[in-house]
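Student: I have a new structure to look at. Can you walk me through it?
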Amino acid sequence: MVRAAAFNQGKFPTIAFVNLAKTPLGVDLHKLVAALDIQLKRDFEPIWGYPAKLQVTNKPKPDEWQIAFLDDSDEANALGYHDLTKNGQPVSKVFVKTTIAAGEKVSVTTSHELLEMLIDPGAQMWAQNDKGVFHAYEMCDAVEAGEYDINGIAVSNFVYPSFFESFHMPRSVRFDHLGRIARPFQTLEDGYQIVSNGRSTREIFGSHRKERHFREVEVRTMHRSEYRKSMMSTRATAASNLSAAPAPESRSAADMRANAAVLYHAGRLLAELAAMVDPVPSDPFELTRRGHPTQVVDPLPGGNPFEL
């Protein structure tokens with residue numbers, strides 16, 4: 001849990017691109033990262049305001065985020081690639097063999113993963129629409145089939161912050177980089193989104209064709225989307241267990257109960273003492289008849305004030 005809090009510590013990230021795949025990427029990795037650097041600085045940062053340094057390396061440093069190219073999820077499991085590095089840094093995985101088998105471009109998938117990881121590295125943020133439904137705070141899912149060219153390399157379309165703001169009227173502002181979204185939270189024909197009611201999650205699709213492709217062709221194992229859904233399920237279960245359990249008594253309530261008990265017993269003690277010796281009788285002259293006129297009767301006899 002300590003390591004999971006290691007990223008976002010007051011500086012913008014360096015993202016290491018690590019190629020561990022045996023399957024050819026279909027694009028030169030250095031040229032791909034150069035194109036992504038242009039996309040980041042020219043197109044993404046002016047909108048989202050979150051810069052990063054990109055580099056290709058075989059040995060990422062402990063404090064660097066990673067985008068790892070792997071053949072498939074089996075290889076990721078074998079190499080121990082999950083949602084955070086061993087040093088607690090975010091890691092996104094591009095499954096090269098799986099991506100190509102699904103008819104997708106490795107460069108577009110890499111762009112998609114980079115942009116989404118930058119804004120929500122923990123895959124935990126959600127935006128609520130005006131109907132109370134939560135949408136995963138993902139930059140590319142709703143427009144994921146959209147792409148454009150940078151120096152001959154295809155990169156992914158992405159949404160703007162306005163996409164997650166219900167108060168915008170249709171076509172009143174720009175909602176995505178390519179200008180294809182008409183209103184907040186819209187899903188394009190070949191896109192999808194993860195939505196939640198706060199207890200469970202599901203996918204919504206822009207078309208039946210996309211849904212069939214998603215279910216039958218695409219392999220989402222070990223993707224950010226699966227991690228996000230499992231996290232929501234875990235939190236919902238924890239919240240359900242918390243609501244079902246009796247509310248723990250607050251410390252202040254416990255203190256009040258203890259104080260009340262002390263006062264109750266002190267009151268009983270004083271009542272018993274008053275029954276034995278009445279220091280203030282109803283007859284104003286009674287004290288003088290009890291003893292010497294100058295002597296005051298002590299209702300709590302004994303020299304030690306802590307004797308009782």
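Tutor: Helices and strands here are DSSP runs, a helix having at least four residues and a strand at least two. Keep in mind that this is a predicted model.

Student: OK, how many helices and strands does the protein chain come to?
Tutor: The protein chain has eight helices and ten strands.

Student: And what share of the residues is buried?
Tutor: Of 308 residues in the protein chain, 41% count as buried.

Student: What about the surface, how much of that belongs to carbon and sulfur atoms?
Tutor: Carbon and sulfur atoms hold 56% of an accessible surface of about 17700 Å².

Student: Switching to rings. How many aromatic pairs are there?
Tutor: There are twelve aromatic pairs in the structure. One of them joins Trp 48 and Tyr 137, edge-to-face, with 6.0 Å centre to centre and 90 degrees between the planes.

Student: Where in the chain are Trp 48 and Tyr 137?
Tutor: Trp 48 belongs to helix α1, while Tyr 137 is in the loop between β6 and β7, so the pair links parts of the chain 89 residues apart.

Student: Buried or exposed, Trp 48 and Tyr 137?
Tutor: Both Trp 48 and Tyr 137 are buried.

Student: Why is the pair of Phe 164 and Phe 185 edge-to-face?
Tutor: Because the planes of Phe 164 and Phe 185 are at 75 degrees, and over 60 counts as edge-to-face. Their ring centres are 6.2 Å apart. Phe 164 and Phe 185 are both in the loop between β8 and β9, 21 residues apart.

Student: Which residues form the aromatic cluster?
Tutor: Among them are Phe 44, Trp 48, Tyr 137, Phe 164 and Phe 185.

Student: Last one: what lies over the face of Trp 126?
Tutor: Arg 228 does, at 5.3 Å from the ring centre.

Technical notes. Residues numbered from 1 in each chain as written. Predicted model: local features only at pLDDT ≥ 70, side-chain atom pairs only at ≥ 80, totals over all residues. Heavy atoms only, no water. Phe/Tyr/Trp six-rings, centres within 6.5 Å; stacked < 30°, edge-to-face > 60°. Buried < 20%, exposed > 50% of the residue type's maximum accessible area, 1.4 Å probe, protein only. Lys NZ or Arg CZ within 6 Å of the ring centre and 35° of its normal. Areas by Shrake-Rupley, 256 points an atom, 1.4 Å probe, with all protein chains shown as cover.
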